[in-house]
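Subject: Structure handover

Hello,

Here is the structure I said I would pass on. My notes on it follow below.

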Amino acid sequence: MFIRDIKVGVISNSRKEHTVGIELTTYEGKFACSAPSGKSKGKNEVPCYNRNGLIRSVKLTRAFAKTLIHKNFILKNLDDIKQLTDLIGHFEKRYGLFGGNIRYILEGVFLKAAAKDRNLELWQFINNDVNAGKKPKIPMPVGNCIGGGLHSPKINGKRPDFQEFLLIPNEKTFSHAVTLNLKAYTLARKILKTSKTNDESAWTTTKTNEEVLEILKKVAKKYKLRIGLDVAASTFFKKGYYKYKNKELIRDKVDQADYLEKIIKKFKIFYVEDPMEESDFSGFKEIKNNVSKKTLIVGDDLTTTNIKYVRRGVGSNAINAMIIKPNQIGSILEVKKVVEYCKDNKIKMIFSHRSGETMDSILADYCIGFGGNFIKAGIYGRHRLIKLKRIMDIEKSLK
Ligand code: PEP
Ligand code: MG
């Protein structure tokens with residue numbers, strides 16, 4: 001593919017924060033990609049931007065882009081993206097680091113163009129390489145129904161301490177699963193008597209974790225859905241203790257693990273993300289050992305899509321599932337390593353959006369291309385629905 005033009009700019013994400021977008025023009029057309037942004041980030045994530053900020057990153061990327069104009073790239077498979085990452089590496093050595101979000105959009109837009117060059121959809125381009133032509137797996141959605149923690153505003157000084165109260169269908173088709181999640185989401189709104197949503201379009205409330213779980217249980221039962229939680233425990237772990245605000249309570253490591261085990265059993269919770277703070281591998285293991293084997297104990301801040309921490313999490317029996325957020329690591333070939341390791345070790349993979357999102361649906365192609373078991377991309381809101389719709393379109397194209 002011949003590079004005719006590359007434009008890099010600053011756009012707004014779903015939270016109206018600045019993020020970066022790119023448009024690549026080749027003889028096959030125009031391709032765009034933009035970067036999501038997290039709020040409850042893991043401490044081991046790569047920095048999103050150059051240490052002098054987003055604008056510095058954009059300037060560097062524009063200078064880098066100029067060096068690519070009129071170059072020809074032949075990307076036959078995912079591994080060939082190394083041609084681009086090597087050039088980025090050389091440029092960064094001389095002029096400074098771009099940051100994970102810039103690498104995310106550069107790789108993303110090149111992969112979109114490379115797929116088109118070979119007359120493939122992006123998921124097919126990845127799947128051909130990673131799954132050697134196997135029929136793609138259609139994931140199930142993990143949808144954020146009710147929110148708390150860092151993603152939600154306090155109402156009268158209150159919000160649930162856990163970050164996400166999730167609904168997870170188990171259906172034959174993705175489109176039916178999405179419909180069920182939407183119905184349950186609408187019912188939850190009626191029960192909560194609210195119209196206010198948070199960063200991820202989940203309902204906001206003043207209720208406690210347990211009160212929300214009671215509501216979630218009710219709506220899940222009606223639509224035969226499974227229940228999940230993103231505890232995002234690091235966000236309220238301060239000076240060695242878990243500091244609950246709603247109701248005011250302090251739990252130490254042992255209390256936190258006991259509490260989580262108790263509610264997992266009481267509410268038959270299928271999916272629990274980051275139940276302990278991000279460096280407590282043994283705490284994750286403790287919970288995993290004391291609940292049903294079917295419960296997914298999911299690493300997000302714990303693993304940060306970084307093979308080093310994924311190996312540690314799996315090797316120490318702390319997790320049986322993990323979140324994959326490509327911009328946590330800022331390299332799609334590192335994502336590929338993590339995916340291969342997860343497949344070899346039977347670790348379930350959840351491809352996930354960030355709380356600050358854009359109208360890019362590349363996550364859906366990554367999820368299907370890499371063979372993800374789940375996609376966590378919300379239930380409602382245009383930045384979330386565009387990703388769900390992309391999976392529905394892929395599903396339709398397979399029939
Ligand atoms: C999460 O913790 O799973 C999440 C989506 O949050 P953020 O994007 O804010 O890191
Ligand atoms: Mg999380």
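Asp-199 and Lys-39 form a salt bridge, with their closest N and O atoms 2.8 Å apart; the term stands for a side-chain nitrogen of Lys or Arg within 4 Å of a carboxyl oxygen of Asp or Glu. This is a predicted model, in which local features need pLDDT of at least 70 and side-chain atom pairs count only at pLDDT 80 or more, while totals for chains, interfaces and linings use all residues. Residues are numbered from 1 along each chain as its sequence is written, chains are lettered from A and ligands numbered from 1 in the order in which they are written, and side-chain values use heavy atoms, with hydrogens and water left out.

The chain is assigned domain 1 (3-120) and domain 2 (131-397), with bounds from an automatic or database domain assignment. Across their interface the rule finds 5 salt bridges. In all, 32 residues of domain 1 are in contact (heavy atoms within 4.5 Å) with 30 residues of domain 2.

Ligand 1 lies between the two domains, because both give residues to the shell around it. That shell holds 15 residues, with Lys-39, His-151, Arg-354, Ser-355 and Lys-376 the closest; a residue counts if one of its heavy atoms lies within 4 Å. An oxygen atom of ligand 1 is 2.9 Å from a side-chain N or O atom of Lys-376. For Gln-163, the distance from a side-chain N or O atom to an oxygen atom of ligand 1 is 3.0 Å.

Regards

Methods
Polar contact = N/O pair within 3.5 Å; in protein donor to acceptor, adjacent residues only side chain to side chain.
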